[in-house]
Structures are given as structure tokens and as C-alpha cells.
Amino acid sequence: MVELIESSTKAESPGVLKAGNPGKSLAYWQGRTTEIEQIQQWLTDNNTFLIGIEGIGGTGKSTLATKIYDEIAGFPKRFWADVSNGASFSDLARQVLTQFGFPVPEKEVQLVEALVRCLRSGQFLLIIDNLESLLQPDRQWGSLFYGDFFQTWVESGSNSKVLVTTRERPELKGFEWLLLKGLQVDEGVALLTELGIKGDLGEFVELVDGHPLLLRLVADLLKEEYSQDPDLSRLADLGLGNLQQLLTDSQVVGIHRRENVGMVLVLDASFNRLSELQKALLLNISVYRGAVDSAAAVAMLPENAEPEIEGELRNLVKRSLLVEKLNGKRRFEFQSVVLEYVRYKAGNQTQAHQRAIDYYRSIAKQPPWTTKDDVKEYLEIFDHFYQLKDYNSAFDNIWVCDDFLSLRGYYNDKVELYGQLVSKWEGIGERKNWKYNASLTSLGNAYFSLGEYQRAIEFHQQSLEISREIGERNGEAVSLGNLGNAYNSLGQYQQAIKFHQQSLEIKREIGERNGEGISLGNLGSSYRSLGQYQQAIEFHQQSLEIFRETGNRNGEGSSLNCLGNAYCSLGQYQQAIEFHQQSLEIFRETGDRSGEGDSLHNFGSAYYCLGQYQQAIEFYHQSLEICGEIGDRRGEGNSLHNLGGAYHVLGQYQQAIEFYHQSLEICREIGNRSGEGNSLIGLGNVYSSLRQYQQAIEFHQQSLKITREIGDRNGEGNSLISLGNAYGSLKQYQQAIEFHQESLEIKREIADRNGEGKSLIGLGNTYNLLGHHQQGINFYQQSLEIFREVGDRYGEGLSLMNLGNIYQRCGRIQEGFTALYQAQQIFQELGIPFEAMLYPQWLKSVINFAQRGRLQFILCVIFGLIAFPFAFIWLILLLLWRLMRSQFKT
């Protein structure tokens, strides 16, 4: 028992954060003057960012931290977090950011940065109580990303301070540690005196090394049993007459701390004096995590009335065996040392766990859910089954809210939950349990959603091996498809295609038609990523036929959406809109709100490409509204990102920045690393338009860093293109060329033909600005060939327009006119308005002026004759005449 008291309580399953105010009483506070002065000194030291209070259980670490929290000056905002249940970092960070009035990212990878940024912005005090609950036996972190946070905070720091209490130190440098021991003899005597205890107080305080909780337990025991004469001499009547002898006998104490031996002896004496109801109450409620109310306690002892149970709970508070908390509702919780003792006494608690499960089931909220708090009972049920080692039932319970956790972006919680199950099943060799395999898949999908594609691949690979080992062909196909999606997100498209092809073959072999349709759709998406749009269309068309054959309306809607996206990439926007319209009608018919949001989003993208930006904005807003309604955080982030793009092209830069920032916050919140990188690129592009090139470069560098961290080669190439453009605007042409060249190499490596064309345009633009016209022409011509090869009409028009401009600059007027004329023909064919065409702004202004009427047209001609070389004016006149031709047919 003493060994248990001396060890730290570890939270085996994912826990719930107890946050807000400490809720701890400072009644009978005594001493600690030296300790408070030391902590105050650290709190005012500009070079101290992390403070730790270390001590054994019951020494008053949490109480001292509460004293600091309540009374210390200089911190206008402060937050208390009790992580004794093993709370995830995401829960901690979310609540801290909310409390301090900052945007709320959720997932740890991004939350680390968000929380550090929040703390650096002001003078805040963050106290984390019971940190030892997060540590493994080797003092390494058991919960994800706490170590990253502390390490980052030590390296960056600010006027804010982070203070922790713990029984053991983590393996982390940068802390200033206060080793908290018992009260001084005079302080302990003062405490016992204020509690009304008589006798040789000094001797007793010295005997127990001034251990505060031990002193309180003894005092409360004496007051409850001998209220008229609470004298230390009465300890003999309570079975503690030999306490001094035992605590001074080296053979009894042995290697243990004397105060811990004393704690066990006093707790034994206190427990033995309880009524049978009080004993049963303590033993049964010890299965709960955190504070409980009287209703939860009654569920353990249903034969007793609630008023009686609440009365006994309050009696246990008087004995310091429980702590009462009043935060709107009366709740009770254990001191950590007492909880360990009681759980040890309870032994097998199967029946109590089952009653707790029944209680939580009776109050569990039914769908629809909107926040994690709505499913907290399911998380508690999971924990009780987990403690009972009934991992199958734990899986069944969390599977109920799996879709909700995914939709709301609680990917890290899924990592914690399924990770615990996988760890246990691996330990007992349950490889053939389908729930183990399903948990591996869920882990892989969660890491995929977090943008941690390599981790996703690891788990999908394990799932694949198990499916092959047990001969589960459908599971094998699913794992192959998931691997294909992960490699596709990494920009390794050929590898992705291999996995999707294998998945397709298995689906056809086993006759699983819907699965065949999914595999074909995945192949289409990979070929679209490669810029092989016709091939993509063929696969999506086959997928569509299968879903229509099987009557899978939602699958049909998804295939139509994918076809629309492929035609959009080809620049066939009207065809794309028709497909998106069909998909929208299907999703509205089936009531699939998520699919409806996707269709509206794709509508917006098609109209954006057509240059009908206001129409695009309307569709993006409709999509955003649906995503918010159903809690699709990833969809919200995508809609906000594209709204940023639309407002950017309209020249409404501040509005664009706001939308990109909102998108960035959501991507960081849910851990969408790829989306985070895209939002940063968007912000960089807007700042380039504002001619704030250094700010733009900073955003592009952040994006580049993310893409390299997650291994996203396609995203890396896109970030390099943006960096090349920004450096070109700064006239740092050599640097620009290096970035575009590096991007080109990546695009060729991953066989992204469309991206290759864009990189070539970037190189052409840079050499054009350098005056190296022939090299610019060569790059533009290469890009033109690629866009024609893949059927990208918009890209073809863009290359022709650039060729037309550079031909003009080097005096090749006829070739320039031909190229510009062809570009204009393509843009008109695509239905792109003149304002959306990428002609130089001065030329747009001239043409807009000329379109106002005949007089304005004649003035432009006269001005052109004076201001421009003879040959060049004829180019302008020809362009003007084509655009004005319809006006003169009156």
C-alpha cells in the first residue's frame, strides 16, 4: 500500500480536463512564506518562463498553487487546469485560448503554436495541476504534444508564466523547481491550533515532518470522534497509539518516506471509523474520474435516497477524505492520495464500473451533437469498459460517435482513444479481432485528417498486413485505398495509383460493386492530380455508371462532383457547372447536407474560373453555411479559403486577408496541415498584391516549411512557385529563378504536368523581367505544349497571352498579335469576362475607356498614334476593334 501512495497516479485512458478556477479552499492557511517569496521572484524574472512545484502527495502543492493563483499580482488573466485525469493537450489548449479570448485551434500540432502565440501576446498565468498524470513510468510524456508545448515555451517565452505542480519531474530542461516539503514546526503547530487540536503539537508535527494533509486528516479524525476533547492523546483510542513507535522504527519504515507510512496508518484509522454506508460510498464512487454530484453517487448505491447520500458525502468532507466544490452545483472529489488509498482498499470494482456505465448511459445525450461536451458520457463509458479490460465494448461505445468526432475535427481525440485500444490489443495478441483492424484504420484516417500522412501510412500498412494475414479481401482493398489516398496527399501520385489499382482489382474479384466505384473514383482523383484530365474523366465516368447501376445515389452525386472538377481543370467550365448541378440535385434529394455543401463549393470554384466572382462568392457562402450547420470544420476551412481567393482577385485585400486568417485558424484547429499551408500561400499572395513582399515571403516560407514537414511534394512545389513570384516582384531575379527551377524539378518528379506548366510560366516571367526574352519565350512555349497536351484551355490561353506580351517587347509584333488573338479567342470561348483576363492593367483601362462610346474610341486612337510606336499602335487598334466590333453593328 505504501508503494502505491508513493507512486504517481497515471491516467490509462484518455481523460477529461478539469478547468476553470482551482476551487480549493485556503481556509486554515499557514506559513509557506519562504516558498511564496521564491515563486514571486521567479514570476517577476524576465528569464524564467516555466516554474515547477514538486513534492510527494499531500504536501500542499495544489494548495500553494491556489494561493499563488488567487493572490499574486501582475497577471490580469489566469487559468487553472487540473490534468489529473490525463487530459489531452487539445482540451487544455482549447479552453485556455477560449478563456483568454483567442481563436481556438484544437489539434496539438497546431495548438502548440497557437497557445504559445497566445501566451506571448500578453501577461498571463497558466497553472497546470497534477502534471505527473501525463507522464509514463520513464518520465516521458504519455499524452501527445505536452512535451512540444513546454519545449517551445521554454525557447520562446514572454511575460506570461506557466506553473506546474507534480510529484515527479518530466525529462525536460528549462524549469525552475521548488521542492516542497512539509510545514515548519511552528507553522504546523499553528495549523493544528487553529483546527482546535490539543496536546504536544510540536512533537507531533515533527514526527510527521509537517505533512499538511496528514495533519488535516488527524485533526479532522479527532474532531469527528472527540469533538469535545480533540487531544492528540486520543490517538491511542483510534488505534494509533503506537504511531510514534512505528514512525521512528527503521525496520518498519524501511525504504519508504516516514510521512507516507504515517499517511497509510492514519487513513486506515479514519477508514475503520466510518459507517458501513460511508465506506461503501467511498469505495464505489472511487471508480469515477473527477468530481461527482449526489446523483452519480446514488447510482452506485441505488437503495439509498439522494438526500441521505449527499449528507454522507458532506460528512466525508469533514474528515478530509473528500473535497467539496461549489461551482454552480455541489460536487465532491478525492484528494489524489486518498483516491489511491481508497481504490487499493476497494480491490475488484467490476460491479461499481458496471453501475457507472449504466448511470452514464441513462444520462447520455442522443444525437445530434454539436460539441465534445455532448458526448462526454460516451467518453466516460469508454473509460469504464477500458478499466474493466473489456476493450471490445469500449470500441463499440466510441464507434457510436466516430463520425461525429471526425466531422467536428476531433482527430486528436480519435488518436488518443483508438491508440489506447490498439496498444492493449497488441499486448494480448488480438490481431484477428476485426475491431483491432478497424481501430488501426481509424487511427490511420485520423492521422490522415491531421495531415500526418507518414503516420497514416504506418497504420494503414499494419491494417493491410493483418487483412492479408487473415484473408479478409475486402479489408485488404479498403487498406489499399486508404494507402493510395495518403500517398496522393503526399504528391506521390504514381504510388497512389498503384495502390488504387490493386484495390480496384480486389473489389472486382470479390464482386463488390460499390467498392469498385470508390476505387475508380480514387483513381480518377489521382490522375486529375497528375494533370491527366481525360484519363481522370474516364475513371469518374466508370465510377458514375456503377453507382447508377447499384442505385447508390450519394456515390452518384460524388462521381458527378468529381467529373465537374475534372472538366473545370480542362477549362470546360459550363460542362463542369452542369455536372455540379446534377450532383447538387441528388444530394438535396437524398438529404446529404455534406454532399450538398461540396457541390455548392464546387459551383463556386467553376464560377470563380469563369471570372464571375460575385456568383462564386454566393456559392462559397452557401457552402460555408451548410458546413457550419453540420459541424464540418474542414469544409468550413475550405470555403473560407476560397472566399479569400475570390475577394483577393476582386482587389478587396483586407476582406481576403480576414477570410484567409479564418481558414488558417480552422486548419490549425483541426490539424489540417495541408490546408494550413494553402491558407498561408493565400495570405502570401494577398500581401504580394499589397506590395508587402517581405510579409508575403514570410507566409510562403511558413507554407514551405509545413509542406516539407508533412512530405507534401505537390504542396512544396506550389509554395516554391509563390516564393519565386514574390522574389521576382522584389527584382531579386536570381533567387526567383532558383525557386521556380526547384519547383519545376519537383513537379516533374511527381509527374504533375499541370504544375510543370505553371512552373515554366514562372520561369518565363522571370526571364522576361530580366530582359532575356528568348529564354522567356522558350519557357512559355514549353508551358504551352504541356497545357495543350493535358487539355487545359485556360493554361493554354495564359501561355499564349504571355507569349504575346514577350513577342511585343522584343519587336516581334505579328507573332505577338497572333498569340494574343489566340489567347483572347480561348478566354472568350471559356466565357471569361474581359475584366478577369490577365491582360496588363493599362491595356484594360484603355479598352474600358474605349468601350464607353465612339468618341472615346476615336480619342484612344489619336492618343495611341502619339504615344506608341507605329507598329504597336496597330496591335492596340486591332485588339480594340475586335472588342468593339459588336458595338458598331448597330
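The model is predicted, with local features requiring pLDDT of at least 70 and side-chain atom pairs counting only at pLDDT 80 or more, whereas totals for chains, interfaces and linings use all residues. Residues are numbered from 1 along each chain as its sequence is written, and side-chain values use heavy atoms, with hydrogens and water left out.

The protein chain contains 44 helices and eight strands, taken as DSSP runs (helices, H or I, at least four residues; strands, E, at least two) numbered from the N terminus. Of its 890 residues, 57% are buried, that is, under 20% relative accessible area with a 1.4 Å probe and protein chains only. Among contacts (heavy atoms within 4.5 Å) between residues at least 6 apart in sequence, 64% join residues at least 24 apart.

Two packed helices are described by the angle between their axes and the distance between the axes. Here, axes are lines fitted to C-alpha atoms over the stretch in contact, with angles running from 0 to 180 degrees between N-to-C directions. For helix H17 (residues 350-363) and helix H18 (residues 376-387), the axes come within 9 Å and cross at roughly 165°. H17 is therefore roughly antiparallel to H18 (angles over 145 degrees). The crossing of H17 with H18 is left-handed, the near helix being turned anticlockwise from the far one by less than a right angle. Residues making the contact include His353, Ile357 and Tyr360 of H17 and Glu380, Ile381 and Phe385 of H18. By class, this contact has six nonpolar, three polar and three charged residues, where Ala, Val, Leu, Ile, Met, Phe, Trp, Tyr, Cys and Pro count as nonpolar, Asp, Glu, Lys and Arg as charged, and the others, Gly among them, as polar.

The axes of helix H39 (residues 773-790) and helix H40 (residues 793-809) come within 8 Å and cross at roughly 160°, so H39 is roughly antiparallel to H40. H39 passes H40 in a left-handed crossing. Among the residues that meet are Ile777, Tyr780 and Leu784 in H39 and Leu800, Leu803 and Ile806 in H40. The contact of H39 with H40 has eight nonpolar, seven polar and three charged residues.

Ile617 lies in helix H31 (residues 613-630) and is buried, with a relative accessible area of 4%. Beyond its neighbours within four places in sequence, Ile617 contacts Leu643, Ala646, Tyr647 and Leu650. Gly604 is 13 residues from Ile617 in sequence, with a C-alpha to C-alpha separation of 6.5 Å.

Technical notes
Buried means under 20% relative accessible area, exposed over 50%, partly exposed in between (1.4 Å probe, protein chains only). Angles under 35 degrees count as roughly parallel, over 145 as roughly antiparallel, 65 to 115 as roughly perpendicular and the rest as oblique.
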